[in-house]
Amino acid sequence: MTTYEKYLSLNIDGSLISLERAGCSDYFCYPTNANAVGYEGCIMYCFIDGYGETVFACNPESCADICVYPLARDFNDFIKLILACGSANPVEQIIWMDERQFEQHLQGEKEIRSAEQEKLLLFLKKELNIAPMQNPFEYVKELQKGFDYGKIQYNDEYYDVMGIER
């Protein structure tokens, strides 16, 4: 059983870690070959066919130059990142942050973390037998550096909105 299958079998409230199961509207930047893992507002976390177990963020309101980008080599590492950061939100934001901004964001997230969220993080750590990621910022930046986005498939609306020739 994969880490993702184990995670699903726990039947937890993913909204506490920015991974709601219920989907939202289909946004222009959601790849046509994406398989959703969870949502945080309009941000979809997913696997994309052609990239194995790599976990991506798809953010139509991205502060970066791109809307779809990798966050973890596999779901196991994604959970490690969530355990280190408290939720998927700080991990998703690394794309546009420098390390100082990321550390400030993490500190702010820690200050508002609820007891229920802390309890869930401890539960995930125990049930999935996973330790928090060491150096999450470096891990994500290294993964994103020089990443090949060529297998991501988009619908026509994406190209229209982004002003890109097909």
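Modeller: A residue is called buried under 20% relative accessible area, exposed over 50% and partly exposed in between, with a 1.4 Å probe and protein chains only. The model is predicted, with local features needing pLDDT of at least 70 and side-chain atom pairs pLDDT 80 or more, while totals for chains, interfaces and linings use all residues. Numbering runs from 1 along each chain as its sequence is written, and side-chain values use heavy atoms, without hydrogens or water.

Four salt bridges are present in the structure (side-chain nitrogen of Lys or Arg within 4 Å of a carboxyl oxygen of Asp or Glu). One of them joins K80 to D77, at 4.0 Å from N to O. Both residues belong to helix α2, residues 75–85, and are three residues apart, about one turn of the helix (helices are DSSP runs of H or I, at least four residues; strands are E runs, at least two). K80 is partly exposed at 25% relative accessible area, whereas D77 is buried at 13%.

Another bridge links R113 and E118, with closest N and O atoms 3.2 Å apart. R113 is buried at 17%, and E118 is partly exposed at 34%. In the bridge between K126 and E127 the closest N and O atoms are 3.8 Å apart; K126 is exposed at 65%, and E127 is partly exposed at 38%.

R113 also matters for E40, in strand β1, residues 34–40: E40 is buried without a salt bridge, and R113, the nearest side chain of opposite charge, is 12 Å away. The side chain of E40 instead has a polar contact of 3.1 Å with that of Y45 (N or O atoms within 3.5 Å, one able to donate a hydrogen and the other to accept it; sequence neighbours count only through side-chain atoms).

How values were computed
Lys, Arg positive; Asp, Glu negative; His and termini not counted.
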